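I set down here what I looked up in this structure, entry by entry.

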Amino acid sequence: MISWLQRVLQRHYKWLFSIMLGIIIIAFVFTIGGSPGIGRGRHSTEKQMYYGINLNDPEIVQELFRNANLSNILNTGKNITNNQVAENLALSRPALLELAKDLDIPKPNEYELAEYIKTRPVFKGADGQFDVQKYQDFLKAIKHDAKMNEGLVRMILSQDMEIDRVLKLLGGPGYILPFEAELSVERQHTLWSIDVASLDFQDFNSNIEVPEDKLEEFYSTNKFNFAIPARTEIAYASFPIERFLTKVSTPSDEELKNFYDTHLSLFSSEKDNIKPFEEVKNKVLESYKQDRAIRLASEAANDFEYDLYQHRITFDSKEFETALKKYNISLQKGPTFDAQTLPTDTPLPPQLLKQALTLNKTNYFSDVATTEKGAFIAFFRKEHPLSIPPLEEIKNELKKQYLAAENVKLLDSKSKIIDKTMNAGIKSGKSFKEIAKNEGLKVTSFDKFNILEAPKNLDKTLLQDIHALSKGEISSPIMRDDRVYFVYVTEKEVPVLSADNPEVQALIKQLDLFTSTIRSQSIVNELIAQGIEASTRK
């Protein structure tokens, strides 16, 4: 959902602005605007209506994110700490509330709302029940908060209840069959006793020679495995925070206190106790200046980009050099990379590097990205096409892969011979351990365990291959990387369960909820996509 949502947003929006939530502790960068040039930060005044909400109004978007975060606090007891999750929750609320109107879903009355409040996790005590004192303490804590009050909390809870009703309708009933839950619980509690025999490359001395003609043939067949993928070479411009710190005006005590109130977690102890304003005033001032400096850096970077777009300036032209001088920035050499090898030794954040891979000669500059170090813009320099190194350059690695491939073939062939020997020996009454040791395999026994509490030294993936085996049966050869396994079942105790078993019933409810949630979320995704598409239409 998240990567999909970002693709939808980026397709229609090109400029960035930071949304500082009223009660959330982190800054969200929300990508909105039209096609390139319609909007760049504060330059856009055109309305972008999304289910009755103007996404080009920073104050409205701030309220949207604030409400989403407050809802998350009431439902989980925690602030949202992930930008992508915040985008999804914020965009889903207006879509679902609009759908509630279309479906004539009634708003909760006072009694229903009071009962709903009792179900919220943030108001529950250690026993899992509604704690009146915790609810009262919460109301006291927000009583003097200019950004939040009891009326706002009740409004959010009322909306949450409407949204829950919509999601329940969208999800519908679950569709898990009872026997599926029975089988799952049965497998979880089946007791196994097994012998595991193994053979790996280290035990299997193949002594393979590598003739030159075979190596050349292997290179010809597999050379694309060694291909160096197409890579993008970039440059970047930085707007370091240090340049803008001196431009930040000293805030009044009221401004500083407001900043403190909206960024409380920055000033909490390890035990989540909020330190008083006067005690951390110097730290608040430092954080305030850094925050404002980053905003100024972002504004300058957006202004620079707007000039590039407005005047149709091409990369590395005289006009480009003039623009660099105008904004007192210099172009810096960036990395050359592909999607699988994002560099880490660069000040550029990962999301900017990923976007840089989509640039080309025409659309040559990225959106503005900010970090604690300032603002950055990436520029497309050059595309390095896919290339295949000559045999001599990769001869040693090629030889290793050739030997590994040949070893796998020989190990597979050997395992089939051992398999026939083992099955024949067991049918004639010989023990599994005896046959395995005669064939040079290592044997380990594991007694009376279930899959939920499997022994630490047992490869858990083997359990996927033996669930259908009965006592006295042996598995087919099981290949895992450079090792082959044979599993023999010495004991198997299967519990007898019925559909009314409490654990089976609990699993049915859990799986019903899961399938219902998946269905409703897919519809929410579509609603968001439709809303974004509609907001960009002229």
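I began with Lys448, which counts as exposed because its relative accessibility is 53%; buried means under 20% relative accessible area, exposed over 50% and partly exposed in between, with a 1.4 Å probe and protein chains only. The model is predicted, with local features requiring pLDDT of at least 70 and side-chain atom pairs pLDDT 80 or more, while totals for chains, interfaces and linings use all residues. Residues are numbered from 1 along each chain as its sequence is written, and side-chain values use heavy atoms, leaving out hydrogens and water. I located Lys448 in strand 10 (residues 442–449); helices (H or I, at least four residues) and strands (E, at least two) are DSSP runs numbered from the N terminus. The phi of Lys448 is near 45°, a positive value in a residue other than glycine.

I then turned to Arg312, another non-glycine residue with a positive phi, near 50°. Arg312 sits in the loop between helix 11 (281–310) and helix 12 (318–326). With 69% relative accessibility, Arg312 counts as exposed.

I asked which residues form a negative surface patch. Asp213, Glu216, Glu217 and Glu392 form it. Patch members have over 30% relative accessible area and no salt bridge, with like charges joined within 9 Å and nonpolar side chains (Val, Leu, Ile, Met, Phe, Trp, Tyr) within 5 Å. A salt bridge is a side-chain nitrogen of Lys or Arg within 4 Å of a carboxyl oxygen of Asp or Glu. I found Glu217 in helix 8 (residues 212–222), and its 49% relative accessibility makes it partly exposed.

Leu215 also belongs to helix 8. Leu215 counts as buried because its relative accessibility is 0%. I noted that the C-alpha atoms of Leu215 and Leu403 are 9.8 Å apart, although 188 residues separate the two along the chain.

I checked how many residues of strand 9 (residues 374–384) are buried: 8 of 11, so the strand is mostly covered. Strand 6 (residues 231–240) pairs with strand 9 in the antiparallel sense over 10 bridges; strands pair if DSSP finds at least two bridges between them. Within strand 9, Glu383 stands opposite Thr232.

Strand 8 (residues 369–371) also runs antiparallel to strand 9, joined by 3 bridges. Thr370 has Ala375 in strand 9 as its bridge partner. A hairpin through 2 residues connects strand 8 to strand 9.

Key
Accessible areas come from the Shrake-Rupley method with a 1.4 Å probe; for residues, only the protein chains shown count as cover. Lys and Arg count as positive and Asp and Glu as negative; His and the chain ends are not counted. The place of a charge is taken as NZ of Lys, CZ of Arg, CG of Asp or CD of Glu.
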